[in-house]
Structure formats: structure tokens, C-alpha cells
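Please open the model in your viewer with the sequence panel beside it, and keep a selection tool at hand. The tour below goes from one selection to the next and says what is there at each stop.

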Amino acid sequence: MGYFLRLTEKNGYDSLSWIFQMADVNHEGTRPAYILAFEAPERLTGLAQLAGINLIELIQLTHQRLLGNPSTPLHYFFGQPVTQDLIRSNRPKICPDCLSESPYCRRVWELSALTACPTHRRLLIDECPKCKRQISWSRKIVTVCSCKFDWRESPASSVVEQGLRLTRHIYQLCGLPVAGEAQPKLPEPISKLSLNDLLLALFFVAGQQRGFSAATSRHLVAAGKSKNFHRLLTEAYSVFDNWPVNYFRFLDQRRAQERKVTRTYQRMKSTLYREFGSFYSGLHSVLSGSQFDFIRGVFVEYLTQKRMLDCLPDTMSNNPIEDSLKSRYVLKSDARRLTGADYAWINHCIRIGRLRTIVRSKGKKRLIFIKVEDVAKLRSEY
Ligand SMILES: [Zn+2]
Ligand SMILES: [Zn+2]
């Protein structure tokens, strides 16, 4: 997109859309121009001719879709496959200092989670400081707003060190060097995640911190302004620091937050769902991949350490269990989710005594509870 904006400026056109009309990419006139960033190669021929560049070079500027047909299409972003909603070409952001050094839009700014410039240690802006309108692609000059304000003169907004860490992490994954800086030290548990997985985990946690449901957190978070977004993601990133201390604190907060809402937790029939709400269900849906196993594993550790007496449903509390003061139990269905094993294996482990159980009846139903510490042990060996 930035490339065509420069072309617009060089040729003195009124706006970006002129170029698209001439090249006949956007002939319906109804599709927003940013879609171009995801355009299929065969539709780019006209543009390449008009711009006088090689088609291959032009394709390299777009976020090409991966071949194959996964349930959610992936696009290449600096060689990293990511879902399309993570690339936000429709909401341009800029670093005023980068533009001062060289007036063109950096492609990495199109990533929704990138909210700061590590070189100039300042926030990217997505809103004109003068007219307060959202920065748009429909402008004549790369560095100047339609209100005539030159963004290179935007007031500085410094970022604390903590706020730059995610940015550096993203740069590293994209293979982009940061001038004058060594490779950043990444938080250990998330240092091996791909860009897509890292952002999936961060958006999930950020959504949880704001009380959004697991499935929609990414979309809800993405609706906000870049500034708010920066704060949210910086907070979410720190959950993975000082592992697992900060994560435990996050779980404490999440439980406290969940106590304030009334939910029908019958859906999963699990007290863990009542305690942790969509965080618990999200652990097994949004973050179901084995690369996120460390998040589940330490969650079980949390359960064993926290002496959660209320892991047993309320109906059980007037039915004291001999060692309930020391131990905590979870439902058999929870044990299955938390270990990722199937029922056959769980039953086998119960038979050979590796999982210790207690049985309580509720109406006509028999409920089987399993010791959390046994679940943790089984997980570590599994
Ligand atoms: Zn910059
Ligand atoms: Zn303006």
C-alpha cells in the first residue's frame, strides 16, 4: 500500500484510488483499496505494467496467501504465515521519525499488534494529532494529512522499555534488525512460538484481561485505537514474564473477575469453568494446539498449589471429605481436558491407581472426582 501511495505522490495524483482505477484492479469500485494487499497474483498484472515494475517484485510487496486450504486462510507476513485479521492494512499507522528519515510507509506497520517503533522508541500513530481523524490511505502525500498537517512534526510519545519488548520480539520473528541493538532476550515460555501463535496467545490473554469471550477477543480488541491496543498487548505480554509468577497472578485476577459475573456453567458441568469462565474453555479451544501445552500445564500446577477447596461443587461442601483440607479434586471430564488424554487412558490410570478418585452422587448421577496432583503428575509423564 505504501508503495502505491508513493507512486501517487510522485505522479501528483489526487488520491491512491486513481492508480487502482487506471490499472483496473478495482474496477467494481466497491472494494476498499487495502484489499490490494491480499490480492491474488493474476489480478496484479495491470498494476505492475502501470508502475513499470516486475510482477514478481510487486507480488513480494503484498501479503500472499499460503497455498493449500486450511480452515482459516493464512497469509505470508515477512515470511511468517499469519491469519488475515492480524494484518490490518485498512488502518494505517506511522512512525513520524521513520518518515523523517525516509518518507515511505514500512510494511511491518501493517501488523495489528505492532504498536511502537523500536528504533525511535515511540508509539506508532494511527490518528492525526491535529485533526484527530484516523490516518487513511486516501491522501496525496505520504507524510502529510488531508488537513495539511505534516506528521513528521507530531509531538513525541515516548515508550517505556517494557512497552517495546513485544515490538522487538515481532521484529526478530520477521527477521528485521533494529539498528544498534543486539537480539532481544525473549520470555522463555513464548520464545519458540511462531508469530501467528504468539499473537493468538497474546490476543487471547488480552481479551481475557478485558473480560471478552475467548472466541471474539481478537476482533473486539482489534476495534480499539492503536494507543489502547499498545497498553493491552504490553500487559498481556508481561503475563509470560517471570514465568509462572505473573501467570499465576493473572489467574488469580481472572478468578476474582469471574466471581463478579453469573454464568450458566452447566455447559461444561465443570467447576473450573465456573471459576475461570471462558479462560478455561479457551484453553481447550482457542489454545488447543500442542504448542500451547505449557499454558495448560502450568494451569494444572496452579490448581495443585492454590489449595482450591472450592474445586468441589457447592453441593459437596456439606459432605466433608476426609482429606479435603489438603487436597483438591477435579471432575473426570476436567482431568481428560487437562491431560489431553482420552477416557480409555484415564480409566486405565484409575484402575491401576495412578489417578486417585472419590465418587459422590448427585441425584441419580455418579460424579467421579480425581486428585489434581495426580493429574499434574500424569501430565508431566504423558
Ligand atoms: Zn521509527
Ligand atoms: Zn489531520
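What follows is a walk through the chain as a whole, then a helix crossing, a sheet with its helices, and a few single residues.

**Before you select anything**

This is a predicted model, in which local features need pLDDT of at least 70 and side-chain atom pairs count only at pLDDT 80 or more, while totals for chains, interfaces and linings use all residues. Residues are numbered from 1 along each chain as its sequence is written, and chains are lettered from A and ligands numbered from 1 in the order in which they are written.

**The whole chain**

Colour the chain by pLDDT, the predictor's confidence in each residue, from 0 to 100; the mean is 82, and 82% of the residues reach 70 or more. Then select residues 309–326, where pLDDT stays under 50 and the model has 14 contacts beyond four places in sequence; two residues are in contact if their C-beta atoms, placed from the backbone, lie within 7 Å.

Switch to a cartoon view, and the protein chain shows 16 helices and 7 strands, which are DSSP runs numbered from the N terminus (H or I, at least four residues, for helices; E, at least two, for strands). Of the 382 residues, 34% count as buried, a term that applies if 20 or more other C-beta atoms lie within 10 Å of a residue's own, whereas 12 or fewer make it exposed and counts in between make it partly exposed, with C-beta atoms placed from the backbone. Among contacts between residues at least 6 apart in sequence, 58% join residues at least 24 apart.

**Helix α9 and the helices that cross it**

Select α6 (residues 161–173) and α9 (residues 226–238), whose axes come within 9 Å and cross at roughly 85 degrees. Axes are lines fitted to C-alpha atoms, for helices over the stretch in contact, and angles run from 0 to 180 degrees between N-to-C directions. The two helices α6 and α9 are therefore roughly perpendicular to each other, given that 65 to 115 degrees counts as roughly perpendicular, under 35 as roughly parallel, over 145 as roughly antiparallel and the rest as oblique. At this crossing Q162, G163, R165 and L166 of α6 meet H230, L233, T234, Y237 and S238 of α9. The residues of that contact divide into 3 nonpolar, 5 polar and 1 charged, where Ala, Val, Leu, Ile, Met, Phe, Trp, Tyr, Cys and Pro count as nonpolar, Asp, Glu, Lys and Arg as charged, and the others, Gly among them, as polar.

Now select β5, β6 and β7, an open sheet of 3 strands in the order β5-β7-β6 with antiparallel pairing; two strands pair if DSSP finds at least two bridges between them. The edge strands are β5 and β6 (357–362), each pairing on one side only. Between β5 and β7 there are 3 bridges, and V330 has I370 in β7 as its bridge partner.

Which residues of α14 are buried? They are D334, A335, R337, L338 and T339, and their cover includes α11 (271–276), α13 (293–305) and α15 (343–351). In α16, V372, D374, V375, A376 and L378 are buried, with α14 and β7 among the elements that cover them.

Most residues other than glycine have a negative phi, and most peptide bonds are trans. Select W243 and P244, joined by a cis peptide bond with omega of about -5 degrees; P244 is found in the loop between α9 and α10 (245–259). Next, R121 has a positive phi of about 50 degrees although it is not a glycine, and R121 is partly exposed, with 17 other C-beta atoms within 10 Å. K132 likewise has a positive phi, of about 65 degrees, and with 8 C-beta neighbours inside 10 Å K132 counts as exposed.
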